[in-house]
Amino acid sequence: MEKTNIRAYSQQALTDILVQLGEKAFRAKQIWQWLWQKGVTRFDDMTNLSKGTRELLATHFILQTATLTHKQESSDGTTKLGFTLPDGNLIETVLIPGRDKATVCVSSQVGCKLKCSFCATGGLGFTRNLLPEEIYDQVVAVKRLAEERGMPLSNIVFMGMGEPLLNYENVLAAIEKITAEDGLAMSPYRLTLSTSGIIEGIKRLADDNVRFNLAISLHSAVNTTRDKIMPINKAYPLPKLAEAIKYFVDKTGTRPTFEYLLLKNVNDSLEDAKALAVFCRQFPVKINIIEYNEVDNAPYHHSPDANRDQFVRYLESKNIVVNVRRSKGKDIDAACGQLANKNSL
Ligand code: SAH
Ligand code: SF4
């Protein structure tokens with residue numbers, strides 16, 4: 001009999017199989033807790049099971065995962081973790097320390113197919129979607145590391161490699177395990193999924209009535225400019241994106257965030273701010289202004305402080321909620337958009 005992936009089963013299906021193999025149902029529950037609450041990655045670590053039960057598991061199932069193989073710490077404490085997947089592919093995850101709590105930035109795909117011109121991951125091309133457990137394991141690893149440093153993990157952002165809404169089922173399955181009471185039990189209100197604006201995905205999130213936060217990488221409210229920096233805008237132009245966001249806001253009653261990366265002389269003028277303010281009138285949103293992090297081979301520059309201040313002041317004068325985000329981990333290429341497995345090359 002071929003071994004199967006133990007983490008591909010629902011709790012009910014796993015219970016049924018284990019009962020058939022002669023185990024008691026409560027054992028299945030214990031095994032489930034080891035898998036999804038404690039996040040162990042070896043049957044031998046399931047210490048309240050008998051040796052016989054652990055052997056039975058090892059005979060019938062595979063339990064394999066992303067293995068932490070690279071770790072690099074920035075001068076500001078931001079830590080970039082490289083995981084090697086069972087098929088040899090590499091992904092990156094970032095631990096971002098705050099004052100007394102930490103955030104994890106997780107990847108959802110190996111690479112990304114969307115090729116935004118300012119993003120290092122886009123330059124990698126696309127290899128494959130991550131499995132739910134490959135996403136979940138990133139969170140567990142960072143949670144352990146943060147706790148070792150005396151800093152509980154409180155926030156999760158899907159802002160690593162990949163476009164999460166092009167891996168919808170696996171990302172939502174991972175989020176289920178991260179937020180479930182018999183999983184990691186983290187609050188969905190502290191989890192943010194960031195998308196480049198896949199409209200079917202946004203509508204599907206609304207229909208699934210998700211409770212986590214949605215961030216949309218807008219980066220320009222001028223259609224021709226957005227076309228140039230984000231090729232996905234050609235398939236999903238701004239009016240269509242606006243429609244999907246309205247649908248999401250109406251259904252979920254939540255307020256999404258727009259991420260806006262300031263690129264010198266590309267999207268940082270007063271005219272750009274005006275276009276953004278007009279676009280934002282359509283729904284309740286808040287804006288995160290992001291600093292551009294230099295990426296090899298990208299033709300962009302960091303926007304000067306004066307342009308940024310003018311941009312932010314204009315939005316504020318229109319009563320729009322604006323946050324300016326300072327970047328962390330730049331010295332080790334761990335900041336947004338810089339994840340490109342450089343370490344391993
Ligand atoms: N694919 C998703 C999530 C991953 S990217 C998305 O695009 O939203 C996470 C965030 O990093 C996005 O807002 C993205 O636009 C931003 N980003 C990409 N390249 C960047 C760079 N060089 N500097 C700063 N932010 C960048
Ligand atoms: Fe992909 Fe997001 Fe990077 Fe664009 S910004 S290439 S969607 S990871």
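Author: A polar contact is a pair of N or O atoms within 3.5 Å. The model is a predicted one.

Reader: What makes the approach of Ser194 to ligand 1 a polar contact?

Author: A polar side-chain atom of Ser194 lies 2.7 Å from an oxygen atom of ligand 1. That separation is within 3.5 Å, so the pair qualifies as a polar contact. By the same criterion, Ser217 qualifies, with a polar side-chain atom 2.6 Å from an oxygen atom of ligand 1. Gly162 qualifies through a backbone N or O atom, 2.9 Å from a nitrogen atom of the ligand.

Reader: How much of ligand 1 does the protein bury?

Author: Taken alone, ligand 1 exposes 530 Å², and the protein buries 96% of that area.

Reader: Turning to helix H1, which of its residues are buried, and why are they said to line one face?

Author: In H1 (residues 11–20), Leu14, Thr15 and Leu18 are buried, the term requiring under 20% relative accessible area. Viewed down the helix axis, the buried residues of H1 fall within an arc of 100°, so they line one face. On the other side of H1, Gln12 and Gln20 are exposed.

Reader: What covers the buried residues of H1?

Author: The cover includes helix H2 (25–36), helix H3 (51–60) and strand S2 (61–62).

Technical notes: Residues numbered from 1 in each chain as written. Chains lettered and ligands numbered in written order. Predicted model: local features only at pLDDT ≥ 70, side-chain atom pairs only at ≥ 80, totals over all residues. Heavy atoms only, no water. Buried < 20%, exposed > 50% of the residue type's maximum accessible area, 1.4 Å probe, protein only. Helix = DSSP H or I, 4+ residues; strand = E, 2+ residues; numbered from the N terminus. Arc of directions from axis to C-beta. Contact = heavy atoms within 4.5 Å. Polar contact = N/O pair within 3.5 Å; in protein donor to acceptor, adjacent residues only side chain to side chain. Areas by Shrake-Rupley, 256 points an atom, 1.4 Å probe, with all protein chains shown as cover.
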